[in-house]
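Here is a brief report on a structure for a reader who is new to it. Please look at the sequence and the model first.

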Amino acid sequence: MDTLTLYMQYIVNGLTLGAIYSLIALGYTMVYGILKFINFAHGDILMVGAFVGLLVYTALTGEAADPGVWTIIAFFIAMLISMGFSALLGVLIERVAYKPLRNANRLAPLLSAIGVSFILSNGAAWIFGTQSRRFPYPFANDPIRIGAIAITPHQIVIIAVSVIMMILLTFFVNKTRMGKAMRAASLDQATSMLMGINVNRVISLTFAIGSALAAVGGILASFDFRVYPSMGTMTGLKAFVAAVIGGIGNIQGAMLGGVLLGILEAVGAPLLHIPNSMRDTVAFAVLIIVLLVKPDGILGKNEREKV
Amino acid sequence: MAQILNIDNISVSYGSIRALSDVSMNVNEGDIVSLIGANGAGKSTLLNAIVGLVPLKGGSITFAGEKICQAKHHMHSLSTDLIARRGIALVPEGRHVFADMTVEENLDMGAFTVRDQALIEKRKQEMYDFFPILGARRKQKTRSLSGGEQQMMAIARALMSAPRLLLLDEPGLGLAPLIVQDIFSKIKIINEENKVTVFLVEQNARLALKSSSYGYVLENGKIVLQDEGMALLDNDMVKKAYLGA
C-alpha cells in the first residue's frame with residue numbers, strides 16, 4: 001500500500017470518528033449558545049444512550065443474533081428508543097440540577113454539571129458493572145473495497161446517520177418556528193421573551209435535542225469503542241474540544257470542528273509517529289493551538305465578554 | 001376612553017438602589033402617552049417593569065382589566081412571554097434586533113405567538129409596504145442594517161403580534177434628526193390607523209410631547225409632573241429642564 005492510499009484510508013477513518021465527535025459537539029454548543037454554560041455531564045449522556053441502545057438491541061435480538069434484516073431494524077428501533085430516553089434524561093437533568101442555579105454564580109452550574117457527570121457514570125457502574133461490553137454488529141461487517149481503500153458497512157452507517165441527523169437539525173433550526181425561537185433565544189434571551197417565546201421551554205428543547213444527538217453518537221461510537229460506564233469521559237471531552245475548535249455556540253462550527261478533529265487525529269497520529277496509546281494528545285494539542293491562534297474558534301464570533 | 005394600562009403605586013429597586021418610587025400612571029386606549037425624563041431617571045426601568053423583566057417591590061400593574069404584575073405576590077405576576085401574549089409589545093432601548101437573523105426571520109419572531117401562517121405572511125407584507133426599506137432588505141442579516149433601519153425593523157417586529165399596547169423605549173436614540181422625524185410620523189400612523197395604543201419613553205421631549213395626548217415627567221424615580229402633551233410643552237419647568245429654552 002503506498003503512502004497516499006494509506007493516508008486516504010486514515011482520512012476515511014477520521015471522517016467516521018469526526019462524524020461522531022460532531023454529533024456530540026452539537027449538544028455542547030447548543031446549550032452553550034443559550035445558557036453560556038458548558039454541560040460537563042453531556043459526555044455521560046452519550047454513555048447512557050449507548051447502554052440504553054445496547055440493552056434494547058439485545059432485548060430485541062437476543063444475545064448473539066446473526067446480522068440480517070431484523071437486526072438492522074432492531075438497531076434503528078434501539079437507536080430511536082435511546083434517543084427518546086436520553087432526551088428525557090437531558091431535560092430532567094436541566095430541570096433538577098441547572099435551572100435552580102440559573103441566576104447563581106457562574107461556577108455553580110458548572111460544579112453541578114460535574115456532579116451530575118459523576119452520578120451518571122457511577123450509577124451506570126453500579127447498575128451494569130464496570131466491565132466493557134461489545135455492541136454486536138447489526139450488519140455484516142465485511143469491508144467494502146474502493147480501490148485500495150477499505151470502508152466497513154458500520155463506517156458507512158456512522159457517516160450516513162450523522163449526516164442525516166445534521167441535515168435534520170439544520171432544517172429544524174433554520175426553517176421551523178421553534179428552531180428559529182431557539183436561535184433567537186441564543187442571540188438575545190430577554191428580547192426573545194418579549195416576542196412571547198417561553199425561554200424555559202426552548203431551553204428544555206435544546207437539552208432534549210442535544211441529548212438525543214449524544215445518544216446517537218454514543219451508540220455509533222460503541223461500534224469502535226465498546227460500551228462501559230466511563231466511555232463518555234474522553235469522547236465527551238474531545239467533542240467539547242471539537243465544539244471549541246469550530247467556535248462554541250455555533251452549530252455549523254460544531255459540525256465542522258468535529259469532522260476536522262476526527263481527521264486531524266486519524267491523520268496526525270501516524271504522520272507524527274505518535275503511538276496509538278498517546279493519540280489523544282493530538283486533540284488537545286490542536287485545542288491549545290486553536291486557543292492561541294483563534295480563541296473564538298474557526299466560525300466563532302468575537303464576543304469576549306461571554307468567555 | 002377606557003383605561004388600558006394602569007400603573008398603581010409601583011416601586012422598583014436594584015439591590016439597595018431605588019429606581020422607581022411610588023409611580024402611578026394611566027394610559028387610555030387609543031392614546032399616545034409619553035414619559036420624559038433625563039438619563040437615569042428610571043424610564044427604561046418603568047417599561048421593563050410593565051413587561052415583567054424587573055420585579056416590583058411595591059404596587060401593581062393592570063393591563064386590560066387583568067393584574068399582570070404584583071409586588072410580593074410574584075406567583076400571581078405573569079412572566080414576560082405571557083405578558084407579550086396578552087398584547088403588550090415592547091421595542092427595547094437600543095433596538096435589540098436579532099442581528100444574526102434576516103429581516104424576515106426577525107419579523108417571524110415578532111409573530112411567534114401567531115399560529116396562522118397566512119396571517120403572518122399578510123402582516124409581513126403590510127410591514128414591507130409600511131417600511132419599504134425592510135421589504136428591500138428582507139433577506140439580509142439585520143446586523144447589516146443602519147441604525148434607523150434597525151429601529152424600523154424593531155418597530156415592525158413588535159407590530160407583527162398586532163399588540164394592543166406598543167411600548168417604545170427611546171425610539172429616537174442615536175439617530176439623525178430627519179430619521180427621528182420619520183419614525184415619529186410612522187408612530188402617529190400606527191396609532192391612528194392601526195388603533196394601537198402607544199406609550200413611549202423619550203429624551204427628545206419636544207417631539208415626544210408634540211405627538212402625545214398626555215405626558216408624564218419622571219425625575220429620580222418619581223413622577224413630578226403630568227398633564228396633556230401640549231400643556232407640558234408650555235410648562236415652565238419642562239421648558240427649562242427638557243426643552244432647553
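In which crossing does α2(A) pass α3(A), left-handed or right-handed? The crossing is right-handed. A crossing is left-handed if the near helix is turned anticlockwise from the far one by less than a right angle, and right-handed if clockwise. By class, this contact has 15 nonpolar, 7 polar and no charged residues.

This is a predicted model: local features need pLDDT of at least 70, side-chain atom pairs count only at pLDDT 80 or more, and totals for chains, interfaces and linings use all residues. Residues are numbered from 1 along each chain as its sequence is written, while chains are lettered from A and ligands numbered from 1 in the order in which they are written.

Next comes the meeting of the two chains. In chain A, 15 residues are in contact with 20 residues of chain B (contact: C-beta atoms, placed from the backbone, within 7 Å). The largest share of chain A's side, 6 residues, comes from α6(A). The table divides that side by class.

| Class (residue types) | Residues of chain A touching chain B |
|---|---|
| nonpolar (Ala, Val, Leu, Ile, Met, Phe, Trp, Tyr, Cys, Pro) | 8 residues |
| polar (the others, Gly among them) | 3 residues |

Now to one residue of chain B. B:V238 is in helix α10 (residues 236–242); helices are DSSP runs (H or I) of at least four residues, numbered from the N terminus. B:V238 counts as buried because 22 other C-beta atoms lie within 10 Å (the cut-off is 20 or more, with C-beta atoms placed from the backbone). Beyond its neighbours within four places in sequence, B:V238 has contacts including B:A205, B:V217 and B:L225. B:L225 is 13 residues from B:V238 in sequence and 8.8 Å away in space, C-alpha to C-alpha.

Methods. Helices (H or I, at least four residues) and strands (E, at least two) are DSSP runs, numbered from the N terminus. A residue is buried if 20 or more other C-beta atoms lie within 10 Å of its own, exposed if 12 or fewer, and partly exposed in between; C-beta atoms are placed from the backbone. Two residues are in contact if their C-beta atoms, placed from the backbone, lie within 7 Å.
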